[in-house]
Amino acid sequence: MNDEKIARINELYHKSKREGLTEEEKKEQAVLRYEYIQAVKNNLRSTLDSVSIQEADGTITDLSKGRKDH
């Protein structure tokens, strides 16, 4: 997700509060929000995949190994 798309999300949000959106703008907003949410999820997954937890018994557990891809 680039800065231009984030700026457009914010622009559409502010316009929706001021005067409302056309149907086309509502669809654009929905698509951009979906892309943003997917980018956040992917970023979180990537971060968690690089995390390891040391258990009380001293063993190391990688969070990525226990994850099921959906």
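1. The radius of gyration used here is taken over C-alpha atoms, and the rule for a globule is 2.2 Å times the number of residues to the power 0.38. Keep that in mind as you look at this predicted model. For 70 residues, a compact globule would come out near 11 Å, but this chain has 19 Å. The C-alpha trace tells its own story in spans: about 60 × 20 × 20 Å along the principal axes.

2. How far apart should the ends of its 27 residues be? H2 covers residues 23–49, and at 1.5 Å a residue it should span 39 Å; the C-alpha atoms at its ends are 39 Å apart, which agrees. The expected span uses one less than the number of residues, so do count that way if you repeat the sum.

3. Now for what is hidden. Of the chain's 70 residues, 10% count as buried. Within H2, the buried residues are Glu25, Gln29 and Leu32. Helix H1 (3–18) is included in what covers the buried residues of H2.

4. Gln29 deserves a visit of its own. This residue is found in helix H2. Is Gln29 buried or exposed? Its relative accessible area is 10%, and the cut-off for buried is under 20%, so Gln29 counts as buried. Leaving aside neighbours within four places in sequence, Gln29 is in contact with Leu12, Tyr13 and Leu21.

5. Turn to the surface for a contrast. Met1, Ile6, Tyr36, Ile37 and Val40 form a nonpolar patch there, and together they have about 410 Å² of accessible area. Which element gives the most to this patch? H2 does, with three residues. Val40, one of the patch members, has its place in helix H2. With 42% relative accessibility, Val40 counts as partly exposed, because that class lies between the 20% and 50% cut-offs.

6. Finally, two values for the chain as a whole. Its accessible surface comes to about 5,900 Å², and 51% of that belongs to carbon and sulfur atoms. Among contacts between residues at least 6 apart in sequence, 24% join residues at least 24 apart.

Conventions. Residues are numbered from 1 along each chain as its sequence is written. This is a predicted model: local features need pLDDT of at least 70, side-chain atom pairs count only at pLDDT 80 or more; totals for chains, interfaces and linings use all residues. Side-chain values use heavy atoms; hydrogens and water are left out. Helices (H or I, at least four residues) and strands (E, at least two) are DSSP runs, numbered from the N terminus. Buried means under 20% relative accessible area, exposed over 50%, partly exposed in between (1.4 Å probe, protein chains only). Contact means heavy atoms within 4.5 Å. Patches are made of residues with over 30% relative accessible area and no salt bridge: like charges are joined within 9 Å, nonpolar side chains (Val, Leu, Ile, Met, Phe, Trp, Tyr) within 5 Å. Accessible areas come from the Shrake-Rupley method with a 1.4 Å probe; for residues, only the protein chains shown count as cover. A salt bridge is a side-chain nitrogen of Lys or Arg within 4 Å of a carboxyl oxygen of Asp or Glu.
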